[in-house]
Amino acid sequence: MSVTTKESFVDAYLALLDEKDITKISIIDLTQKSQASRQTFYYYFKNLDGLIEWAFENETNKACEKLVQGETWPIASKYYITLLDKLTVLIRSSLYTSKSTFIYSLLSRSVEKFVREYVRISSGNQDKVTEFFYAAVKYLVVGLVFDESKKDAPDYDCVIEFVKQGLLKS
């Protein structure tokens, strides 16, 4: 029952994002939308950030639970894409607001948890792990090149340096 109640709060919050700016949503708005009391909200969450954090954690856990040993990265990543599809309105709504750093950190933790789980269940199959890292680095470089190309004076050396530093930290 508690997961269902929490999910109904998340659904109401996501629906509110179509109506209001993310920084303008209040607990009163949320409880009215979800037709629940404030006491019920506070029973499950400390504040709205707690609700958002739980939403990311819950959806990430669902995606991780669907992973099966031996899956290829493209098949496994579809579980994570489901998470992104559900939370897209939240991610988009946070851009250029005071919530963007908070959402960015939740998304970062979520991606890391999912990738670590994929690597963990694929650890017996080195080809699957290698396939993932090739795909990850390829799309990282492509994304960075596109971002850099938007600048007036692109510096592609910084792309390679960024990737190198990221790989050295791993």
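Trainee: Which side chain meets that of Glu7 in a salt bridge?

Mentor: A salt bridge is a side-chain nitrogen of Lys or Arg within 4 Å of a carboxyl oxygen of Asp or Glu. For Glu7 the N to O distance is 2.9 Å, and the partner is Lys62.

Trainee: How many residues apart in sequence are the parts that this pair ties together?

Mentor: Glu7 lies in helix H1 (residues 2-16) and Lys62 in helix H4, so the separation in sequence of the parts they tie together is 55 residues. Helices here are DSSP runs of H or I with at least four residues, and strands are runs of E with at least two, numbered from the N terminus. The separation asked for is 55 residues.

Trainee: On what conventions do these values rest?

Mentor: This is a predicted model, in which local features need pLDDT of at least 70 and side-chain atom pairs count only at pLDDT 80 or more, while totals for chains, interfaces and linings use all residues. Residues are numbered from 1 along each chain as its sequence is written, and side-chain values use heavy atoms, leaving out hydrogens and water.

Trainee: What is the relative accessible area of Glu148, and is the residue buried or exposed?

Mentor: Glu148 forms a salt bridge with Lys151, their closest N and O atoms being 3.0 Å apart. Lys151 is partly exposed at 47%. Glu148, in contrast, is buried, with a value of 7%.

Trainee: With which side chain does the side chain of Glu71 make a polar contact?

Mentor: Glu71 is found in the loop between helix H4 (48-66) and helix H5 (73-94), and is buried at 11% relative accessible area. A polar contact is a pair of N or O atoms within 3.5 Å; within protein, one must be able to donate a hydrogen and the other to accept it, and residues adjacent in sequence count only if both atoms are side-chain atoms. At 2.7 Å, the partner is Tyr79.

Trainee: How many salt bridges does the structure hold?

Mentor: Those discussed include Glu7 with Lys62 and Lys20 with Asp29. The total for the structure is twelve.

Notes. Buried means under 20% relative accessible area, exposed over 50%, partly exposed in between (1.4 Å probe, protein chains only).
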